[in-house]
Amino acid sequence: MTHPFLDLPPLSAAHFASVEDRVARLLGTEHDVVIMQGEALLPLEGAIRGTVGPGNTALNVITGPYGQTFGNWLRDCGATVIDLAVPFHTAVSAGQIREAFAEHPEIDFVSLVHAEAATGNTNPVAEIGEVVRERGALFYLDAVASVGAEPVLVDAWGVDLCVIGAQKAMGGPAGVSAVSVSARAWARMAANPGAPRRSYLSLLDWKERWLDGGRKVLPHAPAQLEMLALEACVERIEAQGLDAVMGRHRAAAAATRAGAVALGGGLEPYVHQAREAAPVATTLRTPAGVVASELVARALAADPALPLAAGGGALAKEMIRVNHYGPDATVEVVQGCLAALGAALAQRGHSVDLEGARRAAQDAWR
Ligand SMILES: *Cc1c(COP(=O)(O)O)cnc(C)c1O
């Protein structure tokens, strides 16, 4: 008997290229799209190491933990790094980016995370892209948490390097990822003596061995199951309609936010402004004296399947993450999370309005 995961025919170059083309369509880009055979950190790191070296000045926007990681890679590459950190309860503004350029006209690279699942904020990429383009810098964007949850318009926004993974709002696999690369970004890489070459991190290898040869021969055996899963997940998004998928995420975020406010008990949206809150996941601030990780543990004891987590590191004390993405972007999951958090707060003696929360979430979903 053939096994559905194991006894597969080899994945052809044409098949691989067709998956790349579908991802390009999803991102609204005519740029080259390279699908990399690893989790999103692979292209995130490869794109920075490929384009940045000594002599570059990078503006690194920090709106959550990933910005911190990018800063470390940029410094590692020998770049001068200007960190622009904003509090996790807000987003960065295009005005702040403009000020940074005014102060440091030598900035020639900007790294930004579109939406942060870990902090629940989303940044105005379209407006920021305008500023970056005016100044001629290279624009690097981590769209892992935004793709599928909100529009990601690579060409319209002037993004030179856009990295996505399928494991969040796309509801797909975590083991492959993709990066779109503009002609300007390829030129920077070609001129960068420090860009990885003959390396798993190398985008130039993919250009020379795959793209420049007309995508006829794969450089090595692809991660076949993950490629098939990525194709299936893009197919499912196409079938449901990208707008419908994004609409589900937007509704889940609005319902979680409205439900948490109506629940009371001291729970508050972590991101102050609704327009700065990411559709992919909603973060909540616990009331004084309530440790977020303990509240989440209580809620999960009642229902371990709920997509609840405490914030990472120091945020574990005060931040709850409701990861309502992919298959969990449903009104039932949101209602389950609110009910479980409400019950956990009530156990601790907080007064909560469970029925009010349920109604508010239901109304906001529509
Ligand atoms: C989830 C995420 C990634 C990928 O990281 P994993 O923790 O491995 O899933 C990268 N960037 C951002 C902004 C993310 O939210």
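Ala, Val, Leu, Ile, Met, Phe, Trp, Tyr, Cys and Pro count here as nonpolar, Asp, Glu, Lys and Arg as charged, and the others, Gly among them, as polar. The model is predicted: local features need pLDDT of at least 70, side-chain atom pairs count only at pLDDT 80 or more, and totals for chains, interfaces and linings use all residues. Residues are numbered from 1 along each chain as its sequence is written, and side-chain values use heavy atoms, with hydrogens and water left out.

**Exercise 1.** List the residues around the ligand and sort them by class.

Solution. Step 2: sort by class; the shell has 6 nonpolar, 1 polar and 3 charged residues.

**Exercise 2.** Find polar side-chain atoms that lie close to N or O atoms of the ligand, using the polar contact limit (a pair of N or O atoms within 3.5 Å).

Solution. Step 1: for ligand oxygen, the side chain of Y66 has an N or O atom 2.7 Å from one such atom. K168 also places a polar side-chain atom 2.7 Å from an oxygen atom of the ligand. Step 2: for ligand nitrogen, a polar side-chain atom of D142 is 2.6 Å away. Step 3: consider cover; the ligand alone exposes 380 Å², of which the protein buries 81% (Shrake-Rupley method, 1.4 Å probe).

**Exercise 3.** Describe the interface of domain 1 and domain 2.

Solution. Step 2: count residues in contact (heavy atoms within 4.5 Å); domain 1 gives 23 residues and domain 2 gives 24. Step 3: take the buried area, the accessible area (1.4 Å probe) that two parts lose on being put together, summed over both. The domains bury about 1900 Å² between them, 64% of it on carbon and sulfur atoms. In domain 1, H89, A149 and Q240 lose the most area to domain 2, together 25% of what that side buries. Step 4: count polar contacts; the rule finds 6 residue pairs across the interface, both residues at pLDDT 80 or more (within protein, one atom must be able to donate a hydrogen and the other to accept it, and residues adjacent in sequence count only if both atoms are side-chain atoms).
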